[in-house]
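Visitor: Please take a close look at a single part of this model, and then connect it to whatever else can be said about the surroundings.

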Amino acid sequence: MWSMDTRIAWRNIWRNPRRTALTLLAIAFAAGLLVFMVSLQFGSYEAMITSAVGLHTGDLQVRADGYGEDYAMHLVVADPEAVRTVLAREPEITGTTCRARGFALLASPQRTYAGMVMGVDPDGEQAVSTLSRIVRRGRFLRPDDVNTALIGEVLARNLRVNLGDEVTLLGQGRDGSIAATVLVVTGVFRSGQTELDRSTVYIPLSHFQDVFAMRGAVHEVVLRTGRLQTSSELGRRLDALVAGLDMRPLLRVRTWFELMPGLLESIQMDLASSAMFHLILIAVVTFSILNTFVMVVFERTREFGVLLAMGATRGRLIRILMRESLLVTLGGVVLGLAVGSAVTWYTQSTGIPMGDAGRLMAEYGLPERIYPRLGLLSALLGPAVVFGLTMLAALFPALRVRRLRPVAAMREG
Amino acid sequence: MLLTLAWRNIWRTPRRTLTIMTAVVIGLWAMVLAGALMRGMMASMLDNSLQALVGHIQIHQRGFQDDPVVENRMTDTSVVTDLLRHRLGDTCPGRQSPCWSLRVRVPAVAANARHSGGVSMVGVQVEREAGLSVYGTAGIEGSWLEPGDDRGIVIGRALARAMGTRVGGKVVLMSQGADHDMASRAFRIRGVFHAELESTEKQFVFVSLAASQAMLRIGSGVTEAAIGLPSDRDPGELASVVRAALPGDYEVLTWRDMLPVLQGYVGMFDLFLYIWYVVIFLAMAFGIVNTLLMAVMERIREFGLLKALGQSPGSIVGGIVLESAMILALGAVLGTTLGVLSIWSLADGIDMSVLARGSEFLGMSRIIRPAPMLHDIVGANAVVIVLGVLVCLYPAFKAGRITPVKALAHT
């Protein structure tokens with residue numbers, strides 16, 4: 001079943017079990033650690049994206065071309081119902097809602113602050129975003145509400161308003177007219193994102209449209225698909241569909257990563273910097289193993305000399321040596337993969353408590369624990385790199401055998 | 001005598017010694033370099049947050065922290081300025097010494113014909129502010145404010161872009177005055193600053209202290225006194241001195257009080273760094289133990305002979321530990337040197353501007369500069385030498401147990 005060379009390699013490995021075990025453990029340590037670390041990273045990225053998509057952008061959005069640059073009032077989706085009708089035929093879309101946003105001065109009897117006013121559809125918003133879940137006091141908006149407001153916690157504190165108090169809104173409508181109304185605070189939310197908590201007020205979309213002279217228009221149609229991965233391809237297809245409506249201003253479909261380029265880039269940046277640290281770790285392990293290989297060759301120089309003198313070819317010696325390295329490396333990688341995956345699998349269901357940082361995160365409505373995410377990529381990436389580099393290190397003894405002269409080798413040691 | 005013996009022993013087989021040493025050198029190099037890079041990222045995050053927050057220590061009227069409005073200003077600044085002048089001197093020779101400055105900082109609306117948006121209006125003592133915040137240190141088109149210039153304003157590049165304006169353009173600021181009425185005033189843009197973070201460029205507009213006081217009609221009142229410290233100095237000590245010296249109607253806060261999240265981050269960071277050290281150490285320990293074990297087996301006849309001549313197991317163990325410690329120390333010195341050299345060659349920083357928006361999101365600068373800390377380097381060396389000697393005990397005890405008979409039987 002095994003070839004002669006493999007069998008010799010196998011026996012050679014177990015000539016010194018302690019050494020083999022240590023080498024194997026070193027490889028397993030690196031591989032296992034990487035499985036866990038990479039899965040942990042992927043898990044935290046997914047949590048970040050899910051929470052941002054859930055609260056802010058949705059998976060996809062239909063907006064007027066250029067709207068994202070400075071949120072100009074006049075760049076609207078003129079006929080949101082037509083857009084939704086077209087999108088309703090797409091089975092992948094699980095939910096849609098409309099939003100509008102304007103900039104306004106918000107004044108209480110004592111204070112005045114500048115803020116962002118978001119018009120949201122109470123029912124639609126609850127189906128699509130996590131906004132209703134971060135209401136800390138009072139209640140979320142209801143469909144029959146008129147001039148009610150859900151206000152950020154910091155803004156409420158700055159304005160010195162509480163549930164039931166009135167806030168005067170003064171802004172500029174879509175057509176440049178003055179937009180003014182009096183809002184009644186029915187809820188206070190806290191997202192943990194300072195910007196949002198400090199400056200945002202949510203009001204019912206219908207009231208927003210009246211006050212800001214929107215004439216039925218909105219600024220964003222938010223779509224959920226429930227699957228982050230398909231967004232890009234789906235986005236292109238929907239873009240063509242929406243363009244077919246020929247609405248003025250021109251409509252475009254944007255995916256969550258186009259809407260929040262900072263989020264994606266921060267993930268890439270984290271990936272780049274952690275890749276650097278992982279590579280340093282792998283380099284140290286590789287050197288550690290190279291160390292062992294070097295010593296083994298020195299120790300066995302005499303043996304190689306004898307084998308060569310007896311007529312073994314250098315090629316065959318190299319084959320046997322490479323096979324020894326392959327067996328040990330493979331053993332180590334498989335062991336690391338198994339233990340790493342098992343630990344990851346276990347923590348995936350329980351989560352990893354983050355101590356003080358966890359309490360802070362809970363304060364902001366984020367999960368208190370980090371859940372690693374074991375996937376094919378996150379499991380295999382680290383071990384594959386370890387395997388490749390270790391086998392590269394294994395070339396060292398092989399190269400040495402090539403330069404070996406039998407007589408000199410036998411005299412050594 | 002023992003030292004000389006150990007020293008000669010390790011150079012009897014230079015190849016083996018060098019092999020072990022390489023592992024130590026690589027390990028320490030990795031620890032020192034990665035540690036400095038991590039500190040660098042942390043420092044840039046901290047720096048950017050502090051610049052946005054402006055200052056390591058802030059003094060307010062009690063209540064301002066909870067409700068940062070102009071009503072909660074300090075009407076009489078003499079108590080605070082006398083104390084600061086007495087404690088820190090009146091001039092600010094540069095970033096390496098503590099500086100202080102008075103400010104008015106209130107939320108405002110900045111508007112021109114094209115755009116209006118919320119900003120923080122900061123009235124600064126123009127001759128003092130430089131070095132305390134982004135003001136006076138960031139890159140600028142045009143110029144910073146001249147002393148006595150009460151009509152000039154400096155805004156950030158991102159805000160200027162949103163407003164479609166540049167140096168020479170007009171900006172109107174509106175804010176709530178001390179009497180609850182809206183106060184507004186027109187300013188001419190003297191300079192446009194470039195900050196590390198776009199959010200800083202969007203958030204802050206700077207006018208002279210006198211201009212802000214006149215606009216808000218608050219006389220000589222200010223909202224805060226800020227103290228900037230050299231970055232390696234802990235603010236707690238000075239803060240408690242200042243707190244004790246001021247009457248109870250002032251509150252003295254350090255950045256640790258103002259940014260609890262960042263504080264938590266910094267704490268977690270030290271832990272991460274040491275976990276990293278131990279992980280790297282474990283990775284290299286496998287190689288060291290393996291090599292030492294092989295060395296012991298190679299020298300089995302020598303140890304057998306020493307035993308036969310009457311040497312105690314303890315002195316054999318001691319000898320091997322001493323040899324290992326020497327190799328570890330030598331490797332540590334070389335590795336640290338190599339690490340410091342790498343840090344030095346990276347002193348200009350690693351440019352991350354390809355992912356500029358990502359660094360913005362994380363609140364980091366576009367360029368990551370390694371920030372080596374002496375205690376990190378000492379810590380890395382300590383981890384390697386202490387844990388290194390510990391793991392060397394295993395091969396050493398194996399050597400100590402060798403008997404002359406076993407050694408003879410070994411071929």
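**A glutamate and its contacts**

Guide: Leaving aside residues up to four places away in sequence, A:Glu153 touches A:Arg137, A:Val188, A:Phe189, A:Arg190 and A:Asp197. The model is a predicted one. A:Glu153 belongs to helix H6 of chain A, which covers residues 153-159. One of the residues it touches, A:Arg190, is also its partner in a polar contact: the two side chains are joined at 3.5 Å.

B:Phe269 is part of helix H10, residues 260-298 of chain B. The relative accessibility of B:Phe269 is 11%, so this residue counts as buried, the cut-off for that class being under 20%. With residues up to four places away in sequence left out, the contacts of B:Phe269 are B:Met38, B:Arg39 and B:Met42. For B:Met42, the separation along the chain from B:Phe269 is 227 residues, while their C-alpha atoms are 8.2 Å apart.

The cysteines can be treated briefly. A:Cys98 has a relative accessible area of 3% and is therefore buried. B:Cys392, at 2%, is buried for that reason too. As for disulfides, a search of the whole structure, over all chains, finds zero; a pair of cysteine sulfur atoms would have to lie within 2.5 Å to count as one.

Note on methods: Residues are numbered from 1 along each chain as its sequence is written. Chains are lettered from A and ligands numbered from 1 in the order in which they are written. This is a predicted model: local features need pLDDT of at least 70, side-chain atom pairs count only at pLDDT 80 or more; totals for chains, interfaces and linings use all residues. Side-chain values use heavy atoms; hydrogens and water are left out. Helices (H or I, at least four residues) and strands (E, at least two) are DSSP runs, numbered from the N terminus. Buried means under 20% relative accessible area, exposed over 50%, partly exposed in between (1.4 Å probe, protein chains only). Contact means heavy atoms within 4.5 Å. A polar contact is a pair of N or O atoms within 3.5 Å; within protein, one must be able to donate a hydrogen and the other to accept it, and residues adjacent in sequence count only if both atoms are side-chain atoms.
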